[in-house]
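Keep the viewer open as you read.

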Amino acid sequence: MKTAAISLLIGVCVLLQSALTVSAVSLSVSPNLQQFFSGPSSVYLSCVDDGQTVDGWTVKRTRGGLTEDCGAAAGFGEFKSYTCIFSDISESDSAGYWCETSSGQRSDQINITVTEKHLILEIPALPVRTGSDVTLCCKQRNGDTVQGYFSIKGSSVGPKREHSITNIQQSDEGLYWCSTDDGGKSPQSFLRVRGPPLLFSESVLRLFCHLVVFCLYCISTGLLLSICCSRKTRDKQPQLQPLDEECDDFTANVTTEHAF
Ligand SMILES: *[C@@H]1O[C@H](CO)[C@@H](O)[C@H](O)[C@H]1NC(C)=O
């Protein structure tokens, strides 16, 4: 009974921990942009946890209901040292990208838009933390920043060379694009805003769960050892304390635990 309860607890904690681990893995985009001009351009996508690339995750994308893997024969890009590399991008690379394990755990999705036209909005691909500053630029194919109108969640400002948002808040999340007097218009992208840095909440919760799993592991190992020891002691004096049916069941449980 006790061992069942303990293995249940461990199970719950391992699940909780893996859930926290999954939410920690994210797709990293370098350069950190959502919009690109078609043509020769190096874009790197990798799966990261705390800034470190992680093994066992595949970069995937979906467009028009079709899901593809990075580096696969019928896929896209080149997968090298845990990084999905584009050396040339085209409009058909406009898609939603994410990281996924073979067991189906997945990161948040990032939408990338590649245009053949003449204007892009430089807007971060990764979610922006509340309280930070972001500068949006309207760029031409030749790399020049141009005077433009910035469309922000339905309203428009400009013309100006750039649009800065200081002390960004959740309310700044939304659709952004830019346009110019000569009729040029960039694609639209969604700016995502995330809560403040992990000073307390998430990191402490993760640490706590690690500790709980570790403690439960120690306790259950200790319990199993003590059960084994007491059983051995009893085996030495079978005439004094014969094992009843219940005890036999219990022993079977313990054996299963070991195999597990
Ligand atoms: C990405 O694109 C899909 C389909 O266009 C849309 O439903 C989704 O909200 C977008 N997500 C982000 C984060 O922009």
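Are C138 and C178 buried or exposed? Both C138 and C178 are buried, where buried means under 20% relative accessible area, exposed over 50% and partly exposed in between, with a 1.4 Å probe and protein chains only. Before going further, please note that this is a predicted model, in which local features need pLDDT of at least 70, side-chain atom pairs count only at pLDDT 80 or more, and totals for chains, interfaces and linings use all residues. Residues are numbered from 1 along each chain as its sequence is written, and side-chain values use heavy atoms, with hydrogens and water left out.

C138 and C178 are joined by a disulfide, S to S 2.1 Å (a disulfide is a pair of cysteine sulfur atoms within 2.5 Å). The torsion about their S-S bond is about 80 degrees, so this disulfide is right-handed. C138 sits in strand β13 and C178 in strand β17 (residues 174–179), so the bond ties together parts 40 residues apart in sequence. Strands (E, at least two residues) are DSSP runs, numbered from the N terminus. What about C137? Its sulfur is 8.6 Å from the closest cysteine sulfur, in C138, which is too far for a bond.

The whole structure holds three disulfides. Another one links C47 to C99, and with a torsion of about -100 degrees it is left-handed. C47 belongs to strand β3 (residues 39–49) and C99 to strand β9 (residues 95–101), 52 residues apart. The remaining bond joins C70 to C84; here the torsion is about 100 degrees, so the disulfide is right-handed. With the bonded cysteines numbered in sequence order, the pairing reads 1-4, 2-3, 5-6.

Now follow strand β13 into its sheet. Three strands make an open, antiparallel sheet in the order β11-β13-β16, where two strands pair if DSSP finds at least two bridges between them. β11 (119–122) and β16 (162–165) stand at the edges with a single partner strand each, so one side of each has no neighbour in the sheet. Four bridges join β13 (residues 134–140) to β16, and L136 stands opposite H163 in β16.

Finally, turn to the ligand. Around the ligand are N111, F190 and R192, each with a heavy atom within 4 Å of it.
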